[in-house]
Amino acid sequence: MTILLQIISFTFIGPLFVEVGGYFWHRFAEHQGWLGESVRARHIVHHQEDYPVEALRPAKQKYQSANSWSWYVLALILMALAYVLFPPKYSLLMIAGGLLYATFVVSKFHKSFHLQRTWLQRFAWYKKLVKLHDIHHYAPVNYGINFFFMDRLFGTYQETQPQKALPTFTKPKHA
C-alpha cells in the first residue's frame, strides 16, 4: 500500500498542489494585488507589454518570459506546506512530482500558448486550452493558466471570447 501511496503522491498530489496553489497565486497575488505591487508588476508587463490582446502570439517566435520571482516564492511555500502536512516519504515525492509538473507541463504549455507555431496545434484539446488562455488575457477569468478545473470550481471559468478586452487587474484591497 505504501508504494501505491508514493506513486499517487508523485503523479497526482504534487501536481494538484501546483494547480491549486498556482490558481490562487495567479488570481489573488498577481491579478488582485493582495501581496502588493511588487508581486503584480511583472505579470502586468506580461499582459500589457509582452502579450497584449492585439499580440498574444507575436511574429517573433521567441517567448518573452515573465521572469517573475514570485513563482519561486510560491514554489517554496508549497514545498514547505507539503513537507509539514505529510510524512517525508510522501511529501518528498509530492515535491518532486510538483516540481517536474511545474517545469515540464505548466511552464512549457504556457510558453507554447504564446508562440505562433507549435507541434501541439494539431490537437483539438490543445486548441481549446489556447483559447481559454487567450480569454484570460481579455477578461478577469481562467486563472488556471493551463488547466481550468479550479476556475470551474470557483466560478471564474469562461469559454466565450469577450467582444472587447476588459480590465484584468484590479486595485489591491488595501489601496
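## Basis

Local features in this predicted model need pLDDT of at least 70, and side-chain atom pairs count only at pLDDT 80 or more, while totals for chains, interfaces and linings use all residues. Residues are numbered from 1 along each chain as its sequence is written, and side-chain values use heavy atoms, with hydrogens and water left out.

## Helix 1 and helix 2

Helix 1 spans residues 2-31 and helix 2 spans residues 37-50; helices are DSSP runs (H or I, at least four residues), numbered from the N terminus. Their axes lie 8 Å apart at an angle of about 100°. The two helices are therefore roughly perpendicular (65 to 115 degrees, on a scale from 0 to 180 between N-to-C directions, with axes fitted to C-alpha atoms over the stretch in contact).

Trp25, His26, Ala29, Glu30 and His31 of helix 1 are in contact (heavy atoms within 4.5 Å) with Val39, Arg40, His43 and His47 of helix 2. Three of these residues are nonpolar, four polar and two charged (Asp, Glu, Lys and Arg count as charged; Ala, Val, Leu, Ile, Met, Phe, Trp, Tyr, Cys and Pro as nonpolar; the others as polar).

## Ser9

Ser9 belongs to helix 1. Its relative accessible area is 4%, so Ser9 is buried (under 20%, with a 1.4 Å probe and protein chains only).

How values were computed:
Angles under 35 degrees count as roughly parallel, over 145 as roughly antiparallel, 65 to 115 as roughly perpendicular and the rest as oblique. Buried means under 20% relative accessible area, exposed over 50%, partly exposed in between (1.4 Å probe, protein chains only).
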